[in-house]
Amino acid sequence: MQSAPGLSGQQTELHDPVVNIPSLSLSQIPARFLAPCAFVAAGLVSVLVAWGAAVLVEGISARSVKSMLLTQGITYAGVAPDGLQIHLSGTAPNEAARYRVVNLVGGLIDSSRIRDRMEVTPVKAIEAPRFSVEMLRNDDGIQLIGLLPESDALQAVKDSAQALNPAIPLADMLETAAYPAPSGWDAALDYGLDALAMLPRSKISVAADQVAITAIAASEAEKRAFETQLNAAKPKDLAVRIEISAPRPVLTPFTLRFVKDAEGARFDACAADTELARAKILAAAGAAGAVGRNTCTIGLGVPTPRWADATVAGIKAVAALPNATLTFADADVTLLAGSEVSQADFDRVVGELDEALPDVFSLNATLEKKAAGGVVGPAEFTATLAPETHRLEMRGRLTDEALRKVVDSFARAEFGSGNTYLATRMDADLPNGWPVRVLAGLQALGELDNGALLVRADTVEVKGITGSQSAKVRISQILSEKLGQGQTFKVDVKYDKALDPLAGVPTPEECAQDVDDVVARQKITFTPGSAEIAAAANGVMKALADVLKSCPGVKLEVAGYTDAQGSEEGNRALSQARAETVVLALQGRQIDVSGMLAKGYGEADPLADNGTEAGREANRRIEFRLIGAAKSVHPDAAKAVTAAEGSDSAKAAAGPDFSGDTSPSVAPLKKTISPKARPKKSE
């Protein structure tokens, strides 16, 4: 490297082995550029300092504002710095909240630096309250509780309620709100007031979209009448829930009468103490040849818990004879066999029945004698009740003038004063008990719309037409109670649907039985592995819809079952889906399904062996049963139970033996058979 001996006026170049970089000294910059360069450099430094200061200030300001807002619990406001400005964003719940945010930030930084970009939630119209009224009515008066729209209807509601029981002041706890009535409110309120007037013991909840009615009826007949009227008056498109309960009747005497003659086997009267007892009695009647719709009243007053066992044994005895009538009146049992029954058969059947009856029951059995020719006609009393006019005409024999006056007074009281005609003659030689037989027969005749009564020494016969399905039962109760054990009577009563005001509304039990009859004829089938109803089941679905159209709102459980193939959980889900499909299919056929509950049981409760195809087919099924009633028994299963009766295992499964029962309500009675009918027993 070489260097110049001096710098003055010389240019010096520095070299290294690789790069030569020229060197520039201040002395080489022209003097005229030095001042502008210094000025530019100073400006750049100032800008950088100002920018840094602004960034520092806006960062500090934004952090301070955010911290303050969070401290105040305000999370809906956003803070964004822009130079020395603070932009506020977000949506405040109302205008007051927005002003509060701006004022809080203005107390921290200069208000001129605030830019308010906040929005406010739109003001919503205040919703009207839910209007509803609770109406309570009982013997203590009427209470009204609830909120109504402000209108002239308020006073009308109070006046209508007070008029139902003027003697007791109305308990008025109604309030009003200044809002228009919602759609459907007026119709629902009018319907609720009509129901309140109809039901003396009730609670009625009224809303614009639904009316719920809970009430107590004095009897099953009154319950059906209430339900019929309420369903008929129901406004269209209003959801109505009706819960009417009726206490079980006290049956006196507790009566069952089963007849088998040329017309077939049938009940004149049937009573049971429990659902299970009724099922056993009806099953025995079916096995004895009774067909059609058989009903059995569940009531109070049963003489012994073994009522069902005794009556089933009696029905089996009737079934073993070509012509017989069986009557249970409390613990008194009367069996009358027709004259065509042989003495040997009569003795055998009576002996078996005598052994089967629990000790509390007393049996009186009689075999009718064959009629002999040339016998003079017996003394008679007859009464005829004319249709439409309901005029009663009485003829025949009475014991004396005192009985004639009693009969005339009784008839006038029962059938109406001026609506009776009495033409009788006196006969002091009439058999003992004649007055009782005549008055009991007239009382029984009063249960009919029209008919005839025949009283003889050996029998009382009542026949005619009625519009009440319970008339035959009531007549049997009257005659069995008044005439006493062992006395013969006949009831030939026909039911005329045209005379029955409730004929169009079957009872829930009748609806369930009709549904069972449909399903027994044809199963509801599905596409394999799915919940889709098979096309082959269209016929049974139509038949079910036809039955249920006359049973609006009937409370039925639609139970689905599968076979045991597949997983237990999967089977339960499939059965649930199938049960729901059936309910939806019925709804699609315009059936009221508000009272139906779909329930899937999967592979539970099999009817047959899942190891065979036939068994699996039987287990795949849909069952219908009344909600609240005892679980229905499949016909095949009932047959199996019937076939097993009498075996030791069946008796053991039936529970403890109450043959020694001596209920406090009924003293133990010794079983007796009339001397002519009692069979001889070997020593």
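This report describes a sheet, some loop residues and a set of charged contacts in a predicted model.

Strands of a sheet pair through backbone hydrogen bonds, in either the parallel or the antiparallel sense. In this model, six strands form an open sheet in the order β9-β8-β7-β10-β11-β12, with mixed pairing. The edges are taken by β9 and β12; each has a single partner strand, so one side of each is left without a neighbour in the sheet. On average, neighbouring strands of this sheet are turned by 5° against each other, direction ignored.

Two of the pairings can be followed in detail. Strand β7 (residues 132-138) and strand β10 (residues 202-207) are antiparallel and share six bridges. Within this pair, Ser 132 has Ala 207 of β10 as its bridge partner. Helix α3 packs on the sheet, where it touches β7, β8 and β9, and its direction makes about 170° with that of β8. Helix α5 (residues 220-233) also packs on the sheet, touching β11 (210-216) and β12; the angle between its direction and that of β12 is about 170°.

The other pairing is parallel: strand β8 (residues 141-149) and strand β9 (residues 171-177) are joined by seven bridges. Leu 147 stands opposite Glu 175 in β9. Together, β8, helix α3 (residues 153-164) and β9 make up a right-handed β-α-β unit.

**Loop residues with particular backbone geometry**

The loop between β12 (239-245) and β13 (255-261) contains Pro 253. The peptide bond joining Thr 252 and Pro 253 is cis, with omega about -10°.

The loop between β20 (381-385) and β21 (392-398) holds Glu 388, and His 390 lies in the loop between β20 and β21 as well. Glu 388 is not a glycine, yet its phi is positive, near 65°. His 390 likewise has a positive phi, near 60°, in a residue other than glycine. Glu 388 has a relative accessibility of 86%, so it counts as exposed. His 390 is partly exposed, at 27% relative accessible area.

**Charged side chains**

Side chains of opposite charge can pair when their charged atoms come close. The model has 30 salt bridges by the rule used here. Three of them are listed below.

| Salt bridge | N to O distance |
|---|---|
| Glu 380 and Arg 456 | 2.6 Å |
| Arg 620 and Asp 563 | 2.5 Å |
| Arg 620 and Glu 613 | 3.3 Å |

Glu 380 and Arg 456 meet in a salt bridge. Glu 380 lies in the loop between β19 (362-367) and β20, and Arg 456 in the loop between β23 (450-455) and β24 (460-466), so the pair ties together parts that are 76 residues apart in sequence. Glu 380 is partly exposed at 26% relative accessible area, and Arg 456 is partly exposed at 26%.

Arg 620 is partly exposed at 23%, and Glu 613 is partly exposed at 46%. A network of salt bridges links Lys 523, Asp 563, Glu 613, Arg 616, Glu 617 and Arg 620.

Glu 623 lies in strand β28 (residues 621-626) and counts as buried, at 10% relative accessibility. Its side chain makes a polar contact of 2.8 Å with that of Arg 621, and another of 2.8 Å with that of Arg 625.

Note on methods. Residues numbered from 1 in each chain as written. Predicted model: local features only at pLDDT ≥ 70, side-chain atom pairs only at ≥ 80, totals over all residues. Heavy atoms only, no water. Pairing = 2+ DSSP bridges. Helix = DSSP H or I, 4+ residues; strand = E, 2+ residues; numbered from the N terminus. Right-handed = clockwise from strand over helix to strand, strands pointing away. Buried < 20%, exposed > 50% of the residue type's maximum accessible area, 1.4 Å probe, protein only. Polar contact = N/O pair within 3.5 Å; in protein donor to acceptor, adjacent residues only side chain to side chain. Axes fitted to C-alpha atoms, helices over the stretch in contact; angles between N-to-C directions. Contact = heavy atoms within 4.5 Å. Salt bridge = Lys/Arg side-chain N within 4 Å of Asp/Glu carboxyl O.
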